[in-house]
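Here is a walk through one protein chain, taken a few elements at a time. Keep the model open as you read.

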Amino acid sequence: MYNERKQKARERFKDFVATVVLRNEQFFIVDWRDKSGSGNYAVRYLLDIEKGNFIVTGDLGDSVASWFNRVTPENLKSYINDIGYYMGKFQTTSDQYTYDQDDVAEDLENVKEEILSECPNLYQDEVDADFEKMQELLDDMDLGKNNNYTDELTELFEKYNDDWWDSDFANLGCRTSQRVILWAVGFQMACEQLGI
């Protein structure tokens, strides 16, 4: 799922260099930046080895992920290869998700197709009209910032799923932000350069 996005991150970081700021039994701190010295996409990674806290800061935003036990750079390099697992360890972070209107439309179409395949007795014209109205209402929203759906929208969701808040309707258009992929891939590439 993330392989193509990880490859794009590797391409973005192809001219980056890792510089160790501090490395001992307690801490591992490395700067990751373009060899030209540019601050674009520059990241500082701080790992509290004993406590298992991984802090990312820099041009790509900030995050804190915690494992609550000893984590070496070698362990961490492996752990963050699984983006979903890594995100599950976030304690705080800059925006970790994006909501693009094209993704909303794609997800809404997938939900509609699934509903139609599971309930072939539904009237196609009615379903099309309802989903078109959902799309119009969603287009007027700032997803990710304000998920206070209108009464009209929630009524439409409920028409097709009584537990809509625990279904695909609740996550329309939600995608992992590329910044999260960049954080993980950058750390892995920095470790590779450092022979870790």
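Helices and strands here are DSSP runs, numbered from the N terminus; a helix has at least four residues and a strand at least two. With that naming, Asp 166 falls in the loop between α6 and β8, the latter covering 174-176. The model is a predicted one.

Stay with Asp 166 for a moment. Is this residue buried or exposed? Its relative accessibility is 66%, so Asp 166 counts as exposed, since the cut-off for that class is over 50%. Now look along the chain to Trp 183, 17 residues apart from Asp 166. The C-alpha atoms of the two are separated by 29 Å.

Step back to helix α6 itself, residues 151-160. Which of its residues are buried? They are Leu 153, Thr 154, Leu 156, Phe 157 and Tyr 160. These residues cover an arc of only 160 degrees around the axis, so they sit on the same side of α6. What do they pack against? Their partners are α4 (101-118) and α5 (124-139). Turn to the face of α6 that points away from this buried side. There you find the exposed residues Asp 151 and Glu 155.

Next, the strands. Strand β3 spans residues 43-48, and its side chains alternate. Val 43, Tyr 45 and Leu 47 point to one face and are buried.

Strand β2, residues 27-34, runs antiparallel to β3, and 6 bridges join them. Within this pairing, Trp 32 has Val 43 of β3 as its bridge partner. β3 and β4 form a hairpin, with 4 residues between them. In the turn, Gly 52 has a positive phi of about 75 degrees.

Val 21, Leu 22 and Phe 27 make a nonpolar patch of about 220 Å². Leu 22 lies in strand β1, residues 16-23. How accessible is Leu 22, and what does it count as? Its relative accessibility is 33%, so Leu 22 counts as partly exposed. The patch also takes in Phe 27, and residue 27 belongs to β2.

How values were computed:
Residues numbered from 1 in each chain as written. Predicted model: local features only at pLDDT ≥ 70, side-chain atom pairs only at ≥ 80, totals over all residues. Heavy atoms only, no water. Patch = residues over 30% accessible without salt bridge, like charges linked within 9 Å, V, L, I, M, F, W, Y side chains within 5 Å. Areas by Shrake-Rupley, 256 points an atom, 1.4 Å probe, with all protein chains shown as cover. Salt bridge = Lys/Arg side-chain N within 4 Å of Asp/Glu carboxyl O. Buried < 20%, exposed > 50% of the residue type's maximum accessible area, 1.4 Å probe, protein only. Arc of directions from axis to C-beta. Contact = heavy atoms within 4.5 Å. Pairing = 2+ DSSP bridges.
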